[in-house]
Every structure is written in structure tokens, then in C-alpha cells.
Amino acid sequence: MRTDLTNPATPTTLATVRNLGILAHVDAGKTTVTERILYATGTTHKRGEVHDGTTVTDFDPQERDRGITIFAAAVSCAWDGHRVNLIDTPGHVDFADEVERSLRVLDGAIAVFDAVAGVDPQSESVWRQADRHGVPRIAFVNKLDRAGADLDRAVDSIRQRLHPAPLVVQLPIGAEGDFTGVVDLVRMRSLVWTDGDGMAVAAPVPEPLREEAARRRRALEEAVAELHPAALEEFCDRRTLGAGTLAAALRDLTHSGEGVVVLCGSAYRSRGIEPLLDAVVAYLPSPLDVPAVRGVHQDAEQTRYADPEAPFAGLVFKVSAGATGRLTHVRVYSGTIEKGDTVWDPGTGRTERVARILRVMADRHAPLDRAVAGDIVALAGVKSARTGSTLCDPGAPLLLEPPVAAEPMVSVAVEARRGTDTGRLATALARLAEEDPSLVVRTDSETGQTVLCGMGELHLEVAVEKVRRDGGPEVTVGRPRVSYRETVVGEVRGFVHRHVKQDGGAGQFAHVVLDVEPLGPEVGAGGFEFRSTVVGGRVPQEYVRAVEAGCRDALAEGPLGGHPVTGVRVTLTDGSTHVKDSSDTAFRAAGRLGLRGALRACATALLEPVADVTVTVPEDAVGSVLGDLAARRGRVGGSESHGGVVEVSATVPLAELFGYATRLRSRTQGRGTFTTRPAGYAPAPVRAPAPVPAR
């Protein structure tokens, strides 16, 4: 049912708002699902196609050229009296940080799966990301019209790889090219699409499918009764569940994450979209159904509920620059903000004036007079806020927890082709890093080169191309390099360091004794842990904190090759002070220099980033592919054969994957594909190569 909520006269309450994202592996059909949702709701009047470059959300020229989603794009539509704010997220592993920032501000999500491939590696990764943020999801098994599509196999992969209880609420009518509709197992009716542009036609369940529909409805009731106490009580009393009880239980299980409602269809043929929208309204939460947001002010935790009358608080999850100027994308968690209001950024301590409030429709915008709790909008005129910043009422300060930017894995050296463009390049790179926090720009201390760091080869390629297309200078790019780490594999006990400095005036004195050991059972287990076992007040607590800060400083460069150090536990066991010359500065220097000395005395190892790789190839090319993976130092974990193709799983050093797509195509005559997923760090057999100059 289409509803016009763009008319200010149409009341929109918090209970009728849905903030959701579309999550999936690349090529599962996320953007096509989004496009069909916009068409079904009457927001657009022509269906865009990814292969034609005419979709609403893939508006960037690079997205249209490459045929994939690169940047998260927000759109808004209305269905059955509800406002649906939707974010189409990228599916490629290199842009997982874009998904992370989107999930931070969403209340729910639609996870899209390919009916042929089932749960792909990146689908599993984004599912785990949603788990970490506690985002309720429903599943949409797409592409049921493809040859080899199998809903039951896809559901089994959801059960085995993602581990929720899949609650299948539809039965397909027809298979592969004959797929024409679904049986709604909640209302026990059929929905058939007669043509690609038409709405679903409701009818009784077809006679040939009644027995199978009844069997699946019974299985659905039993699965729900096992998980939901109220449903179990009714099921035991009546031996069945009413449609109302079943729908309410499905909503509760979706919110709790104990179950995931599974629907099916073909987005390309516009089949299954209307019931998907009905499920969004029926099962996914509104801003009132999610926990109140928590923040801090002056070290005291505060809670803000989704109430338009409460003080304003919002989180910046995206910053973009376009033809309309700098836009700050904000999720409003509480209160109301109006055009011309002044907001405060507690991170920078600056106030900002909101010049305009815009409803976002990908690259188009509609002006608004105000935004209330639950809204996702763009603000114009906010100049200093960055991704992760909190904007709040100056009279009611609150700092919200920002999304954590992922650590860059790959880097390239970049320099302007003409020396006179060096300043323009620096400005362009700074703007890139502002829009995408997972991009880091630094200067190599040894070569003096500007280094651009990102999540992967494609991520950096897109970033450099964006500099060129946005009117930046011509850029010369070096070969990609991965980010190495160092860790300790042995331990040092009782390492003594005395920091004594006397150069006139007040001196510096600090004496520390450190134990250094690996953190965790695995080599290079991530992170850093500091603790103190000093007794008798030999090192005052304020100096202990300074020692910890100095140790963290020392972790920036390891003894092997100047790479960051990880997986270390440092224990301050003893020390001493001087009545006049000891200070925070002295003990911070002692911690830094002492840990550096301890690391040089300790057995250390070099770590390199590795990735889990899934290679899909024809059976006749398996031997060649396995040999190539072995040559790239890959560890094959297993293989699975189905439908004439073989999926090979392996763990491969990230440095060995540069250029792998071209090699795989040549070895399989263009029939092989692969996907990757970061798998942390593993010991490297050799030291890291020297920096490669730009060429």
C-alpha cells in the first residue's frame, strides 16, 4: 500500500518509522532490491537497472562504471502508513567499514542472499557485523528465477553458517524460470505476479501446493513455539497457532535475534517485493522498540530516549561533499532540530549553526523545516563535525560512542605528477580522509613519500580515481604494500630502565622495572595489555598511568622494521622516584624508552595480514588453482563440489593476492571467481620488504 508521507499534513509518529539497511555479499542483488522497493512504493516511476547504470543509489560514476555499490546511499520512501529510511550498503569486503558506520545508526536490516550461492563469505561477515551492533534482521532469498536456485539449500546455509533459527514464512510457486509467486504461510494465501510491473494478486493456495503449504506451516508453528513462550502456550492448548499470535511471535523473535524471518523472491523480476515491505513494517523495530541511546558527559553516563520533546542528540555517520556543498549525515536519536538552530560538538567543543536540513534521496535532496527523533537526514552548514562526531543541544551536552574505524591493511605511495600540484594533492587527500575515516594519509619517515592507506587494493584504487575525477591533480601511484605488524614470541623479566636527565633547572628521574610477554595463547594475539603489580607505593598511581602512556608510545615502532607492535602484555613490577625530579613527563619517557629496550632484548616476530579466500572454479581447473594457491603460500582448508563447480577455501597472505583476479581468469578461461575476507595476522616467513618508491 503506497502512502504519501512527504506531505507535511500526513502525521508520522515514531512507531511508524523504520530505519533499515540492505546487507549482502556483492552481486546478491542489494541495489536491485532497493530499486524495486523505491518503485513499489511509488517513490520512483521507472525501474533502474545496475547493468544500465540507471539505479538511484549507485549514482557515483565509479559505481556505474564498475557495476557495484561503493558508497552507502540513503533513500526514503513510504509504505502502508510508515516512513522507511533505507541505506543501501556496499557488499565488497574492501568497503566493510562503510557498512560498519551504517549499522551504527540503523534499527534493523534486510539481509539479501543469492538463492543459488546461499551464504557467501561477505554475507557472513556483514551478518557478524550486525550481530555486534545488535541489529535485528529479516532475510530475503533473492534470484529464485535463476537456474539452480534452491530456497531450502539457501535456508540450510543460513542455519549452518549464521546459526540463527531460520523461520521461513513463504513457499515458492514454481521453480527457476517458472517462478511466478509465493505462498504466504502466515495468512495461508498465494501471491502471484502476472508481469514485471504489476502488483501481486492474492488468491487461495493452489490445490497442488496445499499439502506442502500445510506441512510447512506446521513446521513454522513448531519452530516458533520452541522459541517463544506465549506461542508455546497457545500451541499446547490448541495444537496450532493463530495468524495474529504467529505474527506477534515472529516480531518478538526478530527483535531478540533468536530467529530470522526468511522471505523469497526475484528482485530483478519485481516478484516478492511487496511482501518484503509488509515484513519490514510487521517485524522490524521502530525507534521506540530499540534500547535508548547511551552517552557520557563529565564522566557520568546518561540515557536519551527516542522522544521528540527531549534535548537534541544525534550522531554523524557520514560526511560528503557534492554539488550542494558539504553535507553532514546525521541520525537523530532524541529531540528535535530545526533550520537555523545552533548545535554543539562536544568532541571539538565548537558550536555549529544548521543552515539547512535535507531529506536524502541518494544524490538528490528535499528541504525540511525540522527533523525529529528517529530521522536520518543531512545537515548543511555544519563545517567541523567529522564522521563519529556527536551533535547535541548546547544546553544538554552528551557525547555518544562513535563507530570505530577499521585499521588499514594496504598502502600505496602517491605523489603529484607535477611538483606544483603537491598542495592540491594534499588538500584532495585530506578531503578523502574526512569523508572516509578508513582511509589514512601519512608521510613515510624514511622516504618522505605521502602514503595512502586503506582496506584493500580496490579501496585505494577507487580513492585515487576519485581524486582524479573530482578535479584533483594527476597522480602517480606506487605498488600496493600491506601493513605489517610485530609481536613478541618470548618474554623478558625484570628489565630495568632508569631515566635520568639533568640539564639545568629541574631534572628528570624515573626508575621502572618491566616484564614483557606475549598476550594470549596465539602468536600476535591482537591488542596491548598493561598492568601494575607495584606494592608499597614505590611508584605512585599517577606515575603508573604515565608509564602506561609511554609504553603505548613505544608500540608505534617495533625493533624489526619499525612496524607497529601488537599482542604484548607489559607488567610494571617495581620502580622508584626522586622527591624533586620525578614527574609524569619523566615516567612517560621511562615507559617509552624502557619498553623499547625490552623489545630489543626480547624474541620478536614479524606478522603479515592474511585473508580467508573462497575460490569458485570449474572442476577441470581445480588442480591449476590449487597449485597457484600453494605458490602464493596459501593454506587450503577444504573444498566443496556442487553443480559442476568447486568451492576451494584457503587462507592466503594478503600481499600474495595483489593481481590474483587476473591470474585466476587466465587459469580458468574467465570462469573462476573469488572472494576474500580479512582473517587477522599470521607469522611472516621473511622480513617486510623495503618501501617501494612511486613510479
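**View 1. Helix 10 and helix 11 are oblique to each other.** Oblique is the class left over once angles under 35 degrees (roughly parallel), over 145 (roughly antiparallel) and 65 to 115 (roughly perpendicular) are set aside. Helix 10 covers residues 422-435 and helix 11 covers residues 457-469. They pack at about 125°, with axes 10 Å apart. Axes are lines fitted to C-alpha atoms, for helices over the stretch in contact, and angles run from 0 to 180 degrees between N-to-C directions. The crossing is right-handed, meaning that the near helix is turned clockwise from the far one by less than a right angle. Leu425, Ala428, Leu429, Leu432 and Glu435 of helix 10 meet Ala463, Lys466 and Val467 of helix 11. Contact means heavy atoms within 4.5 Å.

The model is predicted: local features need pLDDT of at least 70, side-chain atom pairs count only at pLDDT 80 or more, and totals for chains, interfaces and linings use all residues. Residues are numbered from 1 along each chain as its sequence is written, and side-chain values use heavy atoms, leaving out hydrogens and water. Helices (H or I, at least four residues) and strands (E, at least two) are DSSP runs, numbered from the N terminus.

**View 2. Helix 8 and helix 9 are roughly perpendicular to each other.** Their packing angle is about 75°, and their axes lie 9 Å apart. Helix 8 spans residues 243-256. Its side of the contact consists of Ala247, Leu250, Arg251, Thr254 and His255. Helix 9 answers with Val281, Ala282 and Tyr283.

**View 3. The largest nonpolar core has 50 residues.** Such a core is a set of buried Ala, Val, Leu, Ile, Met, Phe, Trp, Tyr and Cys residues joined through side-chain atoms within 4.5 Å. Buried means under 20% relative accessible area, exposed over 50%, and partly exposed in between (1.4 Å probe, protein chains only). Ile110, Ile138, Val224 and Leu250 have the most contacts inside the core. Helix 9 (residues 273-283) gives the most to it, with seven residues. Leu250 touches Leu167, Val169, Val186, Leu220, Val224, Val261 and Tyr283, leaving aside residues up to four places away in sequence. A second, separate core holds 36 residues, including Leu432, Ala611, Val613 and Leu629.

**View 4. Four strands form an open sheet in the order 31-32-34-33.** The pairing is mixed. Strand 31 (492-501) and strand 33 (528-532) stand at the edges with a single partner strand each, so one side of each has no neighbour in the sheet. Neighbouring strands are turned by 25° against each other on average, direction ignored. Strand 31 pairs with strand 32 (residues 508-518) in the antiparallel sense, over eight bridges. Two strands pair if DSSP finds at least two bridges between them. His499 stands opposite Ala510 in strand 32.

**View 5. Helix 12 and helix 13 accompany the sheet.** Helix 12 (residues 541-554) packs on the sheet and touches strand 32, strand 33 and strand 34 (568-576). The direction of helix 12 makes about 155° with that of strand 33. Helix 13 (residues 584-601) lies across strand 31, strand 32 and strand 34. Helix 13 runs at about 40° to strand 32.

**View 6. His163 and Asp299 have positive phi values.** Most residues other than glycine have a negative phi. Phi of His163 is near 70°. His163 is found in the loop between helix 5 (151-161) and strand 6 (165-168). His163 is exposed, at 59% relative accessible area. Phi of Asp299 is near 65°. Asp299 sits in the loop between strand 12 (293-297) and strand 13 (300-304). Asp299 is exposed too, at 82% relative accessibility.
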